[in-house]
Amino acid sequence: QVQVVESGGGLVQAGGSLRLSCAASGLTFSLYAMGWFRQAPGKEREFVAAISRTGMTTYYADPVKGRFTISRDNAKNTVFLQMNSLEPEDTAAYYCAAAYVSMITTIIKNDNQYDYWGQGTQVTVSS
């Protein structure tokens, strides 16, 4: 049984930082590209960041470039999202997702290509 569990969300003031974690189990983690998405109230889910199987390739949505960093630790079956210089517009539920890919350099931006999703963790940035 595959499980994807996010943690690390919370309330932070604008300009602050948070580090989200996503632990996956029940799958061979190193065979999966990973991604972070977010959904604010009344808005559609949007792509935030993605990372390849080995971590060598990463990709970011324009609103978070230069502020967020995605990384992974395959030994611990965990992917991280370091969020710095947070803005009120970053307030959302953040979701982690896993996608089986054959190539080690593949990153995935489309949510419909992901196989497994976590339940989400709330990030609230106050002004």
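Student: Which residues are linked in a network of salt bridges?
Tutor: Arg38, Glu46, Arg67, Glu87 and Asp90 are linked in such a network. A salt bridge here is a side-chain nitrogen of Lys or Arg within 4 Å of a carboxyl oxygen of Asp or Glu. This is a predicted model, where local features need pLDDT of at least 70 and side-chain atom pairs count only at pLDDT 80 or more, while totals for chains, interfaces and linings use all residues. Residues are numbered from 1 along each chain as its sequence is written, and side-chain values use heavy atoms, with hydrogens and water left out.

Student: Why can side chains pair like that?
Tutor: Side chains of opposite charge can pair when their charged atoms come close.

Student: How many salt bridges does the structure hold?
Tutor: The structure holds 6 salt bridges. One of them joins the side chains of Asp90 and Arg38, at 2.9 Å from N to O.

Student: Where do Asp90 and Arg38 sit in the chain?
Tutor: Asp90 is in the loop between β8 (78-83) and β9, and Arg38 is in strand β4 (residues 32-39). The two are 52 residues apart, so the pair links distant parts of the chain. Strands are DSSP runs (E, at least two residues), numbered from the N terminus.

Student: Is Asp90 buried or exposed?
Tutor: Asp90 is buried, with a relative accessible area of 1%. Buried means under 20% relative accessible area, exposed over 50%, and partly exposed in between (1.4 Å probe, protein chains only). Arg38 also counts as buried, at 6% relative accessibility.

Student: And what about Arg67, which side chain does it meet?
Tutor: The side chain of Arg67 meets that of Glu87 in a salt bridge, 3.9 Å from N to O. Arg67 lies in the loop between β6 (58-60) and β7 (68-73), and Glu87 in the loop between β8 and β9, 20 residues apart. Arg67 counts as buried at 11% relative accessibility, whereas Glu87 is partly exposed at 33%.

Student: Which residue does Lys65 meet?
Tutor: Lys65 and Asp62 form a salt bridge through their side chains, 3.0 Å from N to O. Lys65 is partly exposed, at 46% relative accessible area, and Asp62 is exposed at 60%.

Student: Changing topic, how many disulfides does the structure hold?
Tutor: It holds 1 disulfide, a disulfide being a pair of cysteine sulfur atoms within 2.5 Å. Cys22 and Cys96 form this bond, with their sulfur atoms 2.1 Å apart.

Student: What parts does the pair tie together?
Tutor: Cys22 lies in strand β3 (residues 18-25) and Cys96 in strand β9 (residues 92-100), so the pair ties together parts that are 74 residues apart in sequence.

Technical notes: Helix = DSSP H or I, 4+ residues; strand = E, 2+ residues; numbered from the N terminus.
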